[in-house]
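Subject: Structure handover

Hello,

Here is the structure to go with the notes below. Please read the notes with the model open.

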Amino acid sequence: MNHTTDEKLQKILARAGYGSRRAIETMISQGKVKVNGRTAQLGDRATEKDQIQVNDQAVKATRLAKQPTQVILYNKPEGRLCTRSDEKGRDTIFTQLPRIFNGRWISIGRLDLNTSGLLILTNNGELANRLAHPSFEVEREYLVRVFGEVPDSVINQLKAGIVLDDGPAKFEQISRFKSDDESMNNWFRVTIKEGRNREVRRMWESQGVQVSRLQRVRYGQFQLPRNLRKGKTEALTWKQVNQLLKSVDLPEEPRPDLRQNTAPDKKKFVKNSRSAQRALMGKKRTIHDLSKL
């Protein structure tokens, strides 16, 4: 095998949209990946010309070829799961996403069933892995509605740091957003640099505070666009994708040939990408109508 052109197997499959590199390493460890008929091992390398199988299904050569990175912003409604399928038959976000050519959408982090708001998805497994990895400290910003009054001592404790079952946690920023005297609800804006399972909710609950509504309004440099309705998506432009790649130390990509059919829903993508430009950091938005959250 020519080691000037081969790559780590998990990198190739991540690029093909089979998941993050960490998830693919797990698949390799479980014996679910084969290269040229042989069960792959961690550390194996391959090229696009090798015959690769995942779960005994051949991976098409066209899928192994490097595709232009695509990124979409999705406004997740409450009540939808971030998994590809659910044994209970519940709705998942993947039923609402646009089709993609030679790959599949990978969710960058997750939102739990009862959390709404901004979710970023891409066909680039390495990009997804880096944006979600704690070492890059990508900020996530949420609007939180809690029941009852919250004393300053609790706010100070959440900023200073607490210890959850799976380790220490803290809010980088926390501020009162709005109070609703009639319903005894209070709104807060919080920022965190990691995305463990239900972490924001668990932090509040550790202080005896009940969360009644949770919405993510920012992930890294991207805000939730005000005109992006729940259950809908917007595509990022080529320049925005490169800005995102650069932010996590990945090489920028050349402008894709517009004559190539790299996305079946390209017309819709181009139209949506114009409004997605307004989601860049530096154009922060204020949510005026909290009754619609």
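Helices (H or I, at least four residues) and strands (E, at least two) are DSSP runs, numbered from the N terminus. This is a predicted model, in which local features need pLDDT of at least 70 and side-chain atom pairs count only at pLDDT 80 or more, while totals for chains, interfaces and linings use all residues. Residues are numbered from 1 along each chain as its sequence is written, and side-chain values use heavy atoms, with hydrogens and water left out.

Overall

The protein has eight helices and 17 strands. Of its 293 residues, 50% are buried; buried means under 20% relative accessible area, exposed over 50%, and partly exposed in between (1.4 Å probe, protein chains only). Contact means heavy atoms within 4.5 Å. Among the contacts with a separation of 6 or more, 66% are between residues 24 or more positions apart.

Helix 5

Helix 5 covers residues 152-160, and its buried residues are Val-154, Ile-155 and Leu-158. These three sit on the same side of helix 5 because they cover an arc of only 100° around the axis, the arc being that of the directions from the helix axis to the C-beta atoms. An α-helix has 3.6 residues a turn, so residues three or four places apart point the same way. Asp-152, Ser-153 and Ala-160 are exposed on the other side of helix 5.

Strand 7 (residues 71-76) is mostly covered, with six of its six residues buried. Val-71, Leu-73 and Asn-75 point one way from strand 7, and Ile-72, Tyr-74 and Lys-76 point the other way. Two strands pair if DSSP finds at least two bridges between them. Strand 7 pairs with strand 9 in the antiparallel sense over six bridges, and Val-71 stands opposite Thr-122 in strand 9. Strand 7 is also joined to strand 17 (residues 233-235) by three bridges, and these two strands run antiparallel. Here Ile-72 is opposite Ala-235 in strand 17.

Ser-116 belongs to strand 9 (residues 116-122). The relative accessible area of Ser-116 is 1%, so Ser-116 is buried. Leaving out residues up to four places away in sequence, Ser-116 touches Lys-76, Pro-77, Glu-78, Leu-111, Leu-214, Gln-215 and Arg-216.

Strand 5 (residues 52-54) and strand 6 run antiparallel and are joined by two bridges. Gln-53 has Ala-58 as its bridge partner in strand 6.

The largest pocket

The largest pocket has a volume of about 1,300 Å³. For the search, a 1 Å grid is laid over the protein atoms alone; a cavity is a set of points where a 1.4 Å probe fits but cannot get out, and a pocket is an open set with protein on both sides within 12 Å along at least five of seven lines. Grid points are joined across faces, edges and corners, and a volume is the space filled by probe spheres set on the points. Lining residues have an atom within 4 Å of a point.

The largest pocket is lined by 44 residues, and the closest to its centre are Ser-107, Gly-109, Arg-110, Ala-132 and Gly-195. By class, the lining has 16 nonpolar, 13 polar and 15 charged residues. In this scheme Ala, Val, Leu, Ile, Met, Phe, Trp, Tyr, Cys and Pro count as nonpolar, Asp, Glu, Lys and Arg as charged, and the others, Gly among them, as polar. The elements that each supply at least two lining residues include strand 8 (106-108), helix 4 (125-132) and strand 15 (211-219). Helix 2 gives the most, with four residues.

Glu-25 lies in helix 2. Its relative accessibility is 32%, so Glu-25 counts as partly exposed. Not counting residues up to four places away in sequence, Glu-25 touches Gln-10 and Leu-42. Glu-25 and Leu-42 are 17 residues apart in sequence, and their C-alpha atoms are 6.8 Å apart.

Helix 6 is mostly covered, with six of its eight residues buried. These are Glu-199, Val-200, Arg-201, Arg-202, Met-203 and Trp-204. Just after helix 6, Gly-208 takes a positive phi of about 75°.

Regards
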